[in-house]
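Welcome, and thanks for taking a look at this one with me. Please open the sequence and the model side by side before reading on.

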Amino acid sequence: MTAGCRTLRFVLGDQLSFDIASLHDADLQHDVVLMTEVVGECTYVRHHAKKIVYILSAMRHFAQALRDRGFRVDYRSLDHDGNSGSFRGELEAAVRRHRPERVVVTEPGEWRVLEDMRGWQAACGLPVEIRSDERFFASKALFARWASGRKQLRMEFFYREMRRSAGLLMQVDGEPEAGRWNFDAENRRRLSEAERPPGPARFEPDETTRAVMDTVGRRFGEHFGAIEPFWFAVTAADAEIALQQFLALSLPRFGDFQDAMKQGEPTLFHAVIGLYLNVGLLDPREVCRRAEAEYRAGRAPLNAVEGFIRQILGWREFIRGIYWLKMPEYAETNTFCAERPLPWFYWSGETEMNCLRQCIRQTRDEAYAHHIQRLMVTGNFALLAGLAPKAVCEWYLVVYADAYEWVELPNTHGMALFADGGLLASKPYAASGKYIDRMSDYCRHCRYDPRETTGETACPFNFLYWNFLAEHRSRLQANPRMALVYKSLDRMADEKREAARSQAARFLATLK
Ligand code: DLZ
Ligand code: SF4
């Protein structure tokens, strides 16, 4: 391209924020911003086709927005002649084209990429400055300081410190709003038949997105997942509209129905903004401030706003902290020695278990499922059935449009599968079919009966649940939070316990 580039500023596909660290001191005249679509990032796991469309389209729109602001952008599309297919190859080629004095980049969200990035300086023969990603409330260093010397890392205590330091939902006397940190107990209502959730803002694909849809269909047509319908925002302006719509229409009831599931209603009162936050189209600090403002203005109740802020300021930050504190060993742990391969129905949706069928088909069509569907249906089944953590983690990373390893891995490996032995969660989120029945209408449309533990029509979540508890007694019984369920297991007649165990063994043997 042009000669006379001082600094080459490399912006990755999940760094689409105007205030990203690598652009802070940009010189519009002398610097070049490099953005590149690379086949390696689309296929190192075979991402959902809609997820690839989303990221590439958002990248193309962001590149244009940078140009509109006066940046010189070198954008390499997938089909660009000579596209090397990797970050490193593209960087080396860009260095040859622009001959910069140095390269500046923001640290990536995945360990795999950071490892590679550490070799870029040697590969390019130029200084490569890796800057911290400042788009979070807590830096890696702050989290490490908080964690050091603690026997247990519990989200609740981290969250309280974050509430204090961010000054979110705090009273002037330093106490939490209304004197309570946590409103979870009020956030477990089941959705009535008549309730009609408003759903998130939906956007028509423009010409740029349509072009990406064609390319992805052509090049990654065999990947899991439907490209259409495509309705995600791909610009910061549209992501802002999605946020506004959530705040006005869904936030007031987000809390009440946070854990509810309903057939045919994939999004309920959820914001569906994780995908915008995780690429940088929305800023988490701004999102939390705006949610708090709804409460202060009397437009949304505290249980809803606290529950929402807890997800972003609490869980999202805590999860990221754990990832960077514990990687790469974290991904290797396997507390329950779970080895079973992922059943084929995780891809096909072909199973008679209606809750799983609904969640998986929705995931195929939308590249989205909400937290409770991920944790208590697909995740819970994987835990109870002893599916291998690596296979399950890869599935989650592939199928969700908002999934990057920093957020996906601790959520799946630690929270859903307890594979880290309780570093992240205080007990496994194991549940029987009764839980799913309480929180959804899936069971009404299922051939199985959530009230039956054994027998022809028994819900598989039931016998798998008791089988899981029996099998891992030595590992779990001492956990005080498991005392009640082990009491129930002990009260169970021996024949019933044995019947559940043998039905679980037969069922697991049939999983393909
Ligand atoms: C997920 C993804 C995909 C599918 N494609 C690209 C791409 O072509 N170019 C790019 O810069 N980033 C892509 N990404 C996001 C990266 O995988 C992400 O930036 C790294 O995993 C670091 O978090
Ligand atoms: Fe799922 Fe069991 Fe309910 Fe069927 S009965 S929908 S398998 S929880």
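1. **Ground rules.** This is a predicted model, in which local features need pLDDT of at least 70, side-chain atom pairs count only at pLDDT 80 or more, and totals for chains, interfaces and linings use all residues. Residues are numbered from 1 along each chain as its sequence is written, chains are lettered from A and ligands numbered from 1 in the order in which they are written, and side-chain values use heavy atoms, with hydrogens and water left out.

2. **Helices α15 and α16.** Let us begin with α15 (residues 371-384) and α16 (residues 389-399), whose axes come within 10 Å and cross at roughly 150°. Helices (H or I, at least four residues) and strands (E, at least two) are DSSP runs, numbered from the N terminus. Axes are lines fitted to C-alpha atoms, for helices over the stretch in contact, and angles run from 0 to 180 degrees between N-to-C directions. The pair α15 and α16 is therefore roughly antiparallel; the classes are roughly parallel under 35 degrees, roughly antiparallel over 145, roughly perpendicular from 65 to 115, and oblique for the rest. The crossing of α15 and α16 is right-handed, a term for the near helix being turned clockwise from the far one by less than a right angle, with anticlockwise giving left-handed.

3. **What touches between α15 and α16.** On the α15 side, the contact uses Arg374, Thr378, Gly379 and Ala382, and on the α16 side Val392, Trp395 and Tyr396. Contact here means heavy atoms within 4.5 Å. Sorted by class, the contact of α15 with α16 holds four nonpolar, two polar and one charged residues. Nonpolar covers Ala, Val, Leu, Ile, Met, Phe, Trp, Tyr, Cys and Pro, charged covers Asp, Glu, Lys and Arg, and polar covers the others, Gly among them.

4. **Helices α2 and α8.** Next come α2 (residues 49-68) and α8 (residues 207-219), packed at an angle of about 140° with axes 9 Å apart. The two helices α2 and α8 are therefore oblique to each other, and α2 passes α8 in a right-handed crossing. From α2, the residues Ala49, Ile52, Val53, Leu56, Ser57, Arg60 and His61 meet Thr208, Thr209, Ala211, Val212, Met213 and Val216 of α8. This contact of α2 with α8 is made up of eight nonpolar, four polar and one charged residues.

5. **Helix α17.** How many of the residues of α17 are buried? In α17 (residues 405-416), eleven of twelve are buried, where buried means under 20% relative accessible area, exposed over 50%, and partly exposed in between (1.4 Å probe, protein chains only). Among the buried residues of α17 are Trp406, Leu409, His413 and Met415. The buried residues of α17 pack against α4 (111-117), α10 (274-279), α12 (302-326), α15 and α16, which links this point to the helix pair in point 2. After α17 comes phenylalanine 418, with a positive phi near 55°.

6. **Arginine 135.** This residue sits in the loop between β5 (128-131) and α6 (140-147). Is arginine 135 buried or exposed? Its relative accessibility is 11%, so arginine 135 counts as buried. The side chain of arginine 135 makes a polar contact of 3.0 Å with that of serine 17 and another of 2.9 Å with that of aspartate 133. A polar contact is a pair of N or O atoms within 3.5 Å; within protein, one must be able to donate a hydrogen and the other to accept it, and residues adjacent in sequence count only if both atoms are side-chain atoms. Beyond its neighbours within four places in sequence, arginine 135 has contacts that include Asp14, Ile20, Val279 and Arg285.

7. **Backbone spots to check.** Most residues other than glycine have a negative phi, and most peptide bonds are trans. Alanine 178 has a positive phi of about 60° and lies in the loop between α7 (155-166) and α8; at 51% relative accessibility, alanine 178 counts as exposed. Leucine 268 also has a positive phi, of about 50°, in the loop between α9 and α10, but at 1% relative accessibility leucine 268 counts as buried.

8. **Cis peptide bonds.** Glutamate 228 and proline 229 are joined by a cis bond with omega about 0°, and proline 229 is in the loop between α8 and α9 (236-254). The bond from methionine 327 to proline 328 is cis as well, with omega near 5°; proline 328 lies in the loop between α12 and α13 (345-348).
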